[in-house]
Amino acid sequence: MKCDEEMFAKLYESVFPDLYRYALCILGHPQDAEDAVSEAVTAAYGNIRKLRKREAFKSWIFTILANVCRKRLRTEARERKKAEGSERECVPFEEMDHAAVLDVRRAFAVLTDEEQEIIGLSVFGGYSSREIGRMLDQSDNTIRSRRSRALKKMEVMLR
């Protein structure tokens with residue numbers, strides 16, 4: 001696909017809020033989310049010629065961001081093991097301070113990394129189970145059942 005800086009900027013601008021919310025939800029810290037989105041955008045811009053259809057931009061860049069987030073989580077887990085149990089500080093959303101949001105965040109934190117990724121792509125990315133299945137190389141039935149179980153886990157936590 002031919003893409004100049006201006007077209008890339010327009011495409012990116014249309015998905016930035018969803019990208020940031022997804023990264024924040026997965027990584028849990030605003031600075032980490034900003035860094036992950038920045039890394040994903042840089043990678044996407046450098047590989048824009050590989051994108052065949054403009055309509056696939058959102059899915060394509062979300063896949064890149066999901067991979068960046070997974071890589072960061074793996075690196076963080078390795079570093080945490082090396083530090084022998086030093087716990088990561090959890091910073092609350094500055095702009096959201098009511099109890100319900102904190103409850104949802106706690107419920108989300110109970111999910112496995114894979115469940116968080118599926119819920120994040122579904123809620124913040126607006127992707128269907130078929131699209132998420134393609135991104136994660138899993139069947140859409142598997143995605144639907146994992147999403148359903150994850151939402152039930154969250155529901156139990158929120159009761």
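Helices here are DSSP runs of H or I with at least four residues, strands are runs of E with at least two, and both are numbered from the N terminus. By that rule the protein chain has seven helices and zero strands, so that from the N terminus on its elements run α-α-α-α-α-α-α.

The model is a predicted one: local features need pLDDT of at least 70, side-chain atom pairs count only at pLDDT 80 or more, and totals for chains, interfaces and linings use all residues. Residues are numbered from 1 along each chain as its sequence is written, and side-chain values use heavy atoms, with hydrogens and water left out.

**The whole chain**

Start with everything shown. Of the 159 residues of the protein chain, 37% count as buried; buried means under 20% relative accessible area, exposed means over 50%, and partly exposed is in between (1.4 Å probe, protein chains only). Contact means heavy atoms within 4.5 Å. Among contacts between residues at least 6 apart in sequence, 65% join residues at least 24 apart.

**Helix α1**

Select residues 5-27, which make up helix α1.

Now select Val15. A kink of about 50° lies at Val15, shortly before the proline Pro17. The bend at a residue is the angle between axes fitted to the seven residues ending there and the seven starting there.

Colour the buried residues of α1; among them are Phe8, Leu11, Val15, Leu19, Tyr22 and Ile26. An α-helix has 3.6 residues a turn, so residues three or four places apart point the same way. Just after α1, Gly28 takes a positive phi of about 85°.

**Aromatic rings**

Next, show the side chains of the aromatic residues. The structure holds seven aromatic pairs. Rings of Phe, Tyr and Trp (its six-membered ring) pair if their centres lie within 6.5 Å; planes under 30 degrees apart count as stacked, over 60 as edge-to-face and the rest as tilted.

Select Tyr22 and Phe62. Their pair is edge-to-face, with 5.7 Å centre to centre and 70° between the planes. This pair links distant parts of the chain, with Tyr22 in α1 and Phe62 in helix α3 (residues 57-82), 40 residues apart. Are Tyr22 and Phe62 buried or exposed? Both Tyr22 and Phe62 are buried.

Then select Phe8, Tyr45, Phe57 and Trp60, which form one aromatic cluster. For a charge beside a ring, select Lys58 and Tyr127: Lys58 lies over the face of Tyr127, at 5.9 Å from the ring centre. A charge sits over a ring if NZ of Lys or CZ of Arg is within 6 Å of the ring centre and within 35 degrees of the ring normal.

Leu65 counts as buried because its relative accessible area is 0%. Leaving out residues up to four places away in sequence, Leu65 touches Leu19, Tyr22, Ala23, Ala36, Val37 and Ala40.

Move to Ala43 in helix α2 (residues 30-46). With a relative accessible area of 31%, Ala43 is partly exposed. From C-alpha to C-alpha, Leu65 and Ala43 are 9.2 Å apart in space and 22 residues apart in sequence. Ala43 and Ile61 are 9.0 Å apart by the C-alpha atoms, and 18 residues apart in sequence.

**Glu117**

Select Glu117 in helix α5 (residues 113-123). Glu117 counts as buried because its relative accessibility is 8%. Which side chain does Glu117 join through a polar contact? The side chain of Arg70, at 2.6 Å. A polar contact is a pair of N or O atoms within 3.5 Å; within protein, one must be able to donate a hydrogen and the other to accept it, and residues adjacent in sequence count only if both atoms are side-chain atoms. Beyond four places away in sequence, Glu117 touches Tyr22, Ile26, Ala66, Arg70 and Leu136.

**Two loop residues**

Select Gly126, in the loop between α5 and α6 (129-136). Gly126 is exposed, at 56% relative accessibility. The C-alpha atoms of Gly126 and Asp18 are separated by 8.7 Å, while the two residues are 108 residues apart along the chain.

Finish at Asp137, in the loop between α6 and α7 (140-158). Asp137 is exposed, with a relative accessible area of 70%. Its phi is near 55°, a positive value in a residue other than glycine.
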